[in-house]
Each structure stands twice: as structure tokens, then as C-alpha cells.
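Subject: Structure handover, with notes on charged pairs

Hi there,

Here is the structure I promised to send over. My notes on its charged side chains follow below it.

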Amino acid sequence: MKYASKSIASKWRKTGWMLGDSSLRPFVPETRLFGRASLEAMLSRYAVVYFKPSRGTGGKKISRIERIKAGSYRLKGTGGNRSGLSADELYARLKSLAGGKQYLLQRGIDLAHTGGKPFDLRVMVQKDGSQWVTTALFAKIGKKGRVVTNYHSGGKVAGFKKTMKGAGYSESSAGEAQRKLGQIGEATGQCFDRHRDGFREIGLDVAVDKAGRYWVLEANTRPQYYPLKSVDRSAYRRIIDYAKKYGRVKGRRK
């Protein structure tokens, strides 16, 4: 069977779809196309801004911009660690890193911690006929000193309930978080369906800030889930069962 799920590489397009949806807009951090004016605007509003390619996977080529004081910035990530950059020096460095390709600027979120480490969440939704279903929730716990929590950048995959417990959530509040995250994921699937036919799976990267608010950092239309196998085997099998219906996997996987 041919892999039958539509994939969109442009983060800018997908973010635009979500920002245009009234039910999702409150969960999307401000995101702009990189440019001199947009950089100045974002730096004036937020102490931390992320610089990331519109096309890219695995958390690669992402940099963190931090305001040290008025007119002085720190850049960490793909561009190395540079501190004390002026606004002009920062813009020149980012422009060089972009290399003419489309990059985004996104408001930085002060991530909640579990066991003393920052984390974000992956919400996996898949199509069952015409309906979107939440098939898995799991966490990505960041490695100390890294810009992103991504598995390929030294982070580790962990179970949702255990992670939320480590973040101070009770069993009931974790259950409520699970319900709400599922709603956001399924609403994203419905939103994407209104723009283009053919989507069968979406993996949302969702940050939880220290106030308990959810922020959709990114929507992946060909999400990876294999690291989940060693953490939550039942959720992994559930994803596989759905994925077989639209040809992502063949035969039976254990």
C-alpha cells in the first residue's frame, strides 16, 4: 500500500493555518518570518526568541536568542554561543545563518520542568475514517544546556503521566491536561483538513509553560514515533494499528 498521508514541509504555512483558526490561535505563540523589522519587533516584546528554519526536522538549525539587557543579546545554538551582540551584529549573524532560506522567529516559552529538567509534549493524532483520534501522548525531556528537547539533540522520550507527576500535576489535573491536549490535536487535524485533503497523521509539539498554559510550537505532518516503543508499548502499538490503515507500515509489528 502506498504511503497515503499528505505531508507539508513549510512550518510557516502550517503555522499560518493554525493562526487563522479561532479555536487554535490562543495556543500558538507569536511567529513571524525572519527579517530586520520582524526581528526588532520580536526582540522588543520578548526576552527570548527562537530562530528556526521553515523547513527542517529533528530540531536542527535552531538557535535561541536571549536579551541580556537593552541592546545586548546572547545567541546560542547552530550559530554557536555568542554573547554581548548588538542588534546589528545579531541581525547580521542570523542573516548569514539563514543563507537566503526562509527562517522563522518564534516567541520563546518558559518551559515547565519535570525532575528539574525542561520538557515539552508530543500529541499524536491519526485519522480513523473521517475522524481524528488522539492515539498517543508522550514527553520529550531536554538535556541540560541544549536549545531544544528533541530526541536527536540529546533529549529523551518519557511517559506522559510520569512526566506530568514530576511537574507537580495530580492524577486528576494530568487527566484534564490529557483531555485538553487531545482536543487541541484533533482540532488541528480538522483545521488542516479544511485547507488540504489527504492528511492522516499529525504530531504536535506542545510546550507547557510554568503557568500551565499550552503552546503549539510546531505541527509535524510526518511525525516520528519509534522512540515511544521503549516507553509506552501499548501507545506504540496503537499508532502502528492506525498507521497500517493508510500504508505507513506494512504487516504486523510487535
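A residue counts as exposed when its relative accessible area is over 50%, as buried when that area is under 20%, and as partly exposed in between. By that cut-off Lys245 is exposed, because its relative accessible area is 52%. Please keep in mind that this is a predicted model.

Lys245 has a partner: its side chain meets that of Asp128 in a salt bridge, at 3.4 Å from N to O. Asp128 sits in strand E8 and Lys245 in helix H6 (residues 233-245), so this pair links distant parts of the chain, 117 residues apart. Asp128 itself is partly exposed, with a relative accessible area of 34%.

Strand E8 (residues 117-128) also holds Lys127. Lys127 forms a salt bridge with Asp193, and their closest N and O atoms are 3.2 Å apart. Because Asp193 belongs to helix H5 (residues 171-195), the pair ties together parts that are 66 residues apart in sequence. Lys127 counts as buried, at 10% relative accessibility, whereas Asp193, at 24%, counts as partly exposed.

Another pair to look at is Arg74 with Glu66, a salt bridge whose closest N and O atoms are 3.1 Å apart. Arg74 is partly exposed, with a relative accessible area of 32%, and Glu66 also counts as partly exposed, at 25%.

Finally, salt bridges link Asp120, Arg122, Lys140 and Asp205 in a network. The structure holds 18 salt bridges, so there are others to browse when you open the file.

Best wishes

Notes. Residues are numbered from 1 along each chain as its sequence is written. This is a predicted model: local features need pLDDT of at least 70, side-chain atom pairs count only at pLDDT 80 or more; totals for chains, interfaces and linings use all residues. Side-chain values use heavy atoms; hydrogens and water are left out. A salt bridge is a side-chain nitrogen of Lys or Arg within 4 Å of a carboxyl oxygen of Asp or Glu. Buried means under 20% relative accessible area, exposed over 50%, partly exposed in between (1.4 Å probe, protein chains only). Helices (H or I, at least four residues) and strands (E, at least two) are DSSP runs, numbered from the N terminus.
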